[in-house]
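Have the sequence and the 3D view open as you read.

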Amino acid sequence: MANSRRPKDTELYQQNLHAWQPIYTPASAAFILVIAGVIFLFIGVGVLTASRKIWNFETDYTHCVAQSVLVNKERKDVTSWNKSCADLLYKSYQNASSLRCQCIDEFTITADTPEPVFFYYGFRGYYQNYRQYVRSRDDKQLLGRGLNHETPCGSLAIDNTDREIAPCGLIAESLFNDSFTLVKSAALADEHIRMDGEGIAWSTDVRDKFRNPPGDLKEAFKNTAAPGSWPDYDVTSIGGGGNKQGYENEDLIVWMRTMATPDWRKLHRILHAPLKGGNYKLTIEYNYPSTIFEGRKFYFFTTTTYFGGGNATLSTYFFITGVVYIVLGFLLIACHARYPRKLGDPKLLRFSYTSNQ
């Protein structure tokens with residue numbers, strides 16, 4: 001038939017092409033399992049060795065002692081108060097007043113670190129995986145195209161003066177705004193350590209998910225409002241996060257990628273030079289309250305290897321998989337030795353054929 005849908009009667013269309021179809025014997029299957037197990041063990045050793053070469057430094061700064069506070073744009077020394085920034089921010093939150101706290105954390109590095117060094121901030125007990133929280137963002141707006149007609153931001157899309165909130169939603173409203181300055185203590189003068197905020201976000205996010213509106217940045221955001229919890233800046237002056245502002249600021253991009261678990265960390269800065277051994281001071285502009293939701297704040301310094309960051313768990317998985325494969329291989333050999341049989345013995349075959357004729 002001219003219009004027949006029947007496939008051509010060829011080996012390709014009828015799936016009858018000749019192919020190599022190896023028949024596994026107990027010996028060959030056991031050999032493959034043992035070899036695969038040995039390979040997994042070697043990979044596990046490599047991952048574990050690399051993880052042990054990684055330098056890590058972690059500090060909980062939730063209750064760091066306040067050195068000074070900024071009230072009504074006036075800096076005041078509060079060292080004698082012996083209060084933590086968390087307590088001062090909590091009282092400020094209860095009194096609906098604006099206060100910014102500064103604390104200093106001192107630490108010592110005993111030996112020079114490899115380069116580059118990655119600086120993270122992290123939380124424990126911070127749940128970003130609530131459905132309403134995760135949905136509370138407007139991806140069309142973050143691409144510089146304005147608010148969606150039915151924006152997921154809800155009441156956080158427009159302010160009281162009918163201006164568009166940029167960026168809108170709960171995620172942007174809760175933007176992390178602590179800042180860090182690192183100096184190396186020296187006898188003559190402290191050495192400022194450069195911490196770069198460019199390159200901290202995923203390249204796919206920077207390229208495909210966040211774009212500023214066309215034209216001049218100030219003009220594009222002139223008729224918009226900042227989220228209500230942002231103290232004294234808007235989307236055009238977030239600071240840090242590389243050289244770009246607006247939706248393309250990398251601090252904002254990193255924060256907008258929510259985390260699945262309550263304990264997490266996010267890349268904040270990159271140090272392109274090694275940290276030399278010595279004493280350091282990290283000045284923290286403590287603005288983000290975490291004790292309100294019983295969370296804890298951390299900062300991390302870490303390095304990487306050819307396997308990435310430190311991951312002892314991954315090496316454990318490789319070890320377990322390797323051991324299981326090797327055990328299965330030897331178990332198969334033992335079973336074959338105890339209960340041998342010929343390969344393809346026709347006595348063990350059972351045919352069941354019913355004719356439709």
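## Ground rules

A residue counts as buried under 20% relative accessible area, exposed over 50%, and partly exposed in between (1.4 Å probe, protein chains only). This is a predicted model, where local features need pLDDT of at least 70 and side-chain atom pairs count only at pLDDT 80 or more, while totals for chains, interfaces and linings use all residues. Residues are numbered from 1 along each chain as its sequence is written, and side-chain values use heavy atoms, leaving out hydrogens and water.

## Rings in pairs

Rings of Phe, Tyr and Trp (its six-membered ring) pair if their centres lie within 6.5 Å; planes under 30 degrees apart are stacked, over 60 edge-to-face, and the rest tilted. Searching the whole structure turns up 32 aromatic pairs. One of them is a tilted pair, Tyr-61 with Tyr-299, at 6.0 Å centre to centre and 45° between the planes. These two are 238 residues apart in the chain, and both are buried.

Then there's Trp-255 with Tyr-288, an edge-to-face pair with 65° between the planes. Trp-255 is buried, because its relative accessible area is 0%. Tyr-288 has 7% relative accessibility, so Tyr-288 counts as buried too.

## A cluster of rings

Ring pairs also join up into a cluster, whose members include Trp-55, Phe-57, Tyr-61, Tyr-299 and Phe-301.

## Charges over rings

A charge sits over a ring if NZ of Lys or CZ of Arg is within 6 Å of the ring centre and within 35 degrees of the ring normal. Arg-124 does this over Phe-298, 4.0 Å from the ring centre. Lys-266 lies over the face of Trp-264, at 5.0 Å.

How values were computed. Helix = DSSP H or I, 4+ residues; strand = E, 2+ residues; numbered from the N terminus.
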